[in-house]
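Subject: Structure handover

Hello,

Here is the structure I promised to pass on. Please open it first, then read my notes below.

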Amino acid sequence: MRKPMMAGNWKMNKTIPEAVALAKAIHDAVAGYNNVDSVICPTALCLPGVQAALQGSSVALGAQNMHWADSGAYTGEISPLMLKGLVSYVIIGHSERRQYFNETDETVNKKVLAALAHGLTPIVCVGESLEQNKSNQAHTVISLQVQDALNGLTSDQVPSVIIAYEPLWAIGTGLAATPEQACETCKTTVRGTLAQIYDNETAQNTRILYGGSTNEKNIGEIMQQLDIDGALIGGAALKVESYAAMVRITSELYK
Ligand code: PGA
């Protein structure tokens, strides 16, 4: 049984005091829903303050990005060594990083390997653009992204990775994929690729999230899909009522 996860990606939002206040409110609002992994990913600057605010909470902390090297001349970057002990998760290869900061499948792979080497759980984002979707290239594009991201991993390591399927046309647009569409891609393309490169057991043991315009209104239907194990939430994760409702709805479904 794969444990469901509601992971909030706060993106470049919230000052330090605002992030700490939101984390405290989330900590209180989701207390007791222990059958769901609640994860919040504030900006790197806010991580120490939010970590302190989450003391004793079941809410886990994640970073939004990291470099693959332990240290070095990489101005502005943050290394896995700096995140170790501070976060449990790290989002890798979000489409905004691929689109605006030139991240490639190769750098995503380096980061995945570095995260695992340091005991951090990578949440690897994959997904097709609107053009790729319209020209029926989604399967090929996503399958290659999955293969490249996991290059060099053994089948034992793969279930320690979380994959988030996020169609680019659904991110921040209010146009979520239909639950059936999202599930079909998670099942056939993402899990199917894992089964192809590794084996069926590995594929079944790996959590796959859906992301793109999820909220408290559509999460119930999304989480009823057998191959969707959770959500990577953008906008709705910034509102304590919406995020807590998503955790609560998921918790009910998994009882
Ligand atoms: P959204 O963002 O929920 O605001 O569409 C999702 C994401 O980018 O992870």
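A polar side-chain atom of Lys11 sits 2.7 Å from an oxygen atom of the ligand. I call that a polar contact: a pair of N or O atoms within 3.5 Å (within protein, one must be able to donate a hydrogen and the other to accept it, and residues adjacent in sequence count only if both atoms are side-chain atoms). His94 also reaches the ligand: an N or O atom in its side chain is 2.7 Å from a ligand oxygen atom. Ser213 uses its backbone instead, with a polar atom there 2.7 Å from an oxygen atom of the ligand. The protein covers 95% of the 280 Å² of accessible area that the ligand has on its own. Accessible areas come from the Shrake-Rupley method with a 1.4 Å probe; for residues, only the protein chains shown count as cover.

A word on the source. This is a predicted model, where local features need pLDDT of at least 70, side-chain atom pairs count only at pLDDT 80 or more, and totals for chains, interfaces and linings use all residues. Residues are numbered from 1 along each chain as its sequence is written, and side-chain values use heavy atoms, with hydrogens and water left out.

Which residues come nearest to the ligand? Of the 13 around it, they are Lys11, His94, Glu166, Gly172 and Ser213. "Around" means that a heavy atom of the residue lies within 4 Å. By class, this shell has 4 nonpolar, 7 polar and 2 charged residues. Ala, Val, Leu, Ile, Met, Phe, Trp, Tyr, Cys and Pro count as nonpolar, Asp, Glu, Lys and Arg as charged, and the others, Gly among them, as polar.

Now look at the backbone. Most residues other than glycine have a negative phi. Lys11 is not a glycine, yet its phi is positive, about 50°. Lys11 lies in the loop between β1 (5-9) and α1 (16-29). Ser213 is not a glycine either, and has a positive phi of about 60°. Its loop runs between β7 (208-211) and α10 (219-223). Helices (H or I, at least four residues) and strands (E, at least two) are DSSP runs, numbered from the N terminus.

Best wishes
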